[in-house]
Amino acid sequence: MWLCKSSIGKKVVMSVTGLCLIFFVTFHLSMNTAAIFSGKAYDEICAFLGANWYAVVLSIGLAAIIIIHFLYAIVLTAENRKARGDKRYLGQKRPKGVDWASQNMFVLGIIIVLFIFLHLWMFWHKMMFAELMGESLVPLGNEMVTPHSGAAFINYYFKGNWFITLIYLIWFLALWFHMTHGFWSSIQTLGWSNVVWIKRWKVICTIVTTCLCGWFAIITIIFFINGTGNL
Ligand code: HEM
């Protein structure tokens, strides 16, 4: 099929799945924003998005999108390297106008995926997964909490813990580089730009990505200093 075989078809799949992931990141950020104001509200959101059928269906869809995006990235990167032959090993300088992120998308993607595994182990595994396994209480430090206690998880991992906070900030930086390039590049692949608009899209995508990743960084620092809100 065209989407699996042709190079442009594969790029379309990368672009559509990438845009879906940007949508998820935006949704996830708005959900986490609630936690800086109210730990209780955050727990209610976690309960709503717990092991309910609609949340499980969305999680399976999200996992499928991440896997497709990752597998196609491997195939496209391998094809690009094959097409370029040994040239990339000759120590040539980066061509003018080509940004650093565009040449390191695959490595950045791997870094992001590794952080996602860590993140899923820290949160999702002890929350939605535990609930799906029928556990009504999960261990958190010396305590037992319900799998919906998102605020307790955030406070446990981030409050006063500079190491986890730093790790997350590095993750958001990698995400920023990956998304700034991936965002406008997807728009270009889908044919929604021209010579004039591509420059504008680059600026728009950089601003949107900076707002998203910057806000993730700010709320993580708030969790580090204050923990979740008391409203
Ligand atoms: C301070 C930053 C973040 C916090 C506090 C946070 C918190 C959480 C929590 C509490 C869950 C579990 C929800 C549940 O199972 O009910 C979760 C799941 C998840 N998070 Fe995050 N998250 C953060 C950043 C991110 C970022 C930047 C990404 C992606 C790049 C991400 C990707 C995911 C994914 C893929 C899941 C699994 C979603 C699902 O299928 O249920 N998170 N996160």
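Biologist: Which residues in helix 2 meet Leu212, Trp215, Phe216, Ile219 and Ile222 in helix 10?

Modeller: The model is a predicted one. Helix 2 contributes Val25, Thr26, Leu29, Asn32, Thr33 and Ile36.

Biologist: Are helix 2 and helix 10 roughly parallel or roughly antiparallel to each other?

Modeller: Helix 2 spans residues 7-37 and helix 10 spans residues 195-226, with their axes 10 Å apart. Helix 2 passes helix 10 in a left-handed crossing. The packing angle is about 25°. Angles under 35 degrees count as roughly parallel, and the two helices are therefore roughly parallel to each other.

Biologist: Which residues come nearest to the ligand?

Modeller: The shell around the ligand divides into 16 nonpolar residues, seven polar and no charged. Helix 2, helix 4 (53-84), helix 6 (105-122), helix 8 (150-158), helix 9 (162-189) and helix 10 each supply at least two residues of that shell. Of the 23 residues around the ligand, the nearest are Ser59, Phe123, Met127, Met128 and Gly150.

Biologist: Against which elements do the buried residues of helix 8 pack?

Modeller: The buried residues of helix 8 are Gly150, Ala151, Ala152, Phe153, Ile154 and Phe158. Among them, Gly150 is also one of the residues that come nearest to the ligand. The buried residues of helix 8 pack against helix 2, helix 3 (39-48), strand 1 (138-140), strand 2 (143-145), helix 9 and helix 10.

Biologist: Which residue with a positive phi follows helix 8?

Modeller: Helix 8 covers residues 150-158. The phi of the residue in question is near 70°, and that residue is Gly160.

Definitions and conventions
Residues are numbered from 1 along each chain as its sequence is written. This is a predicted model: local features need pLDDT of at least 70, side-chain atom pairs count only at pLDDT 80 or more; totals for chains, interfaces and linings use all residues. Axes are lines fitted to C-alpha atoms, for helices over the stretch in contact, and angles run from 0 to 180 degrees between N-to-C directions. Helices (H or I, at least four residues) and strands (E, at least two) are DSSP runs, numbered from the N terminus. Angles under 35 degrees count as roughly parallel, over 145 as roughly antiparallel, 65 to 115 as roughly perpendicular and the rest as oblique. A crossing is left-handed if the near helix is turned anticlockwise from the far one by less than a right angle, and right-handed if clockwise. Two residues are in contact if their C-beta atoms, placed from the backbone, lie within 7 Å. A residue is near a molecule or strand if its C-beta atom, placed from the backbone, lies within 6 Å of it. Ala, Val, Leu, Ile, Met, Phe, Trp, Tyr, Cys and Pro count as nonpolar, Asp, Glu, Lys and Arg as charged, and the others, Gly among them, as polar. A residue is buried if 20 or more other C-beta atoms lie within 10 Å of its own, exposed if 12 or fewer, and partly exposed in between; C-beta atoms are placed from the backbone.
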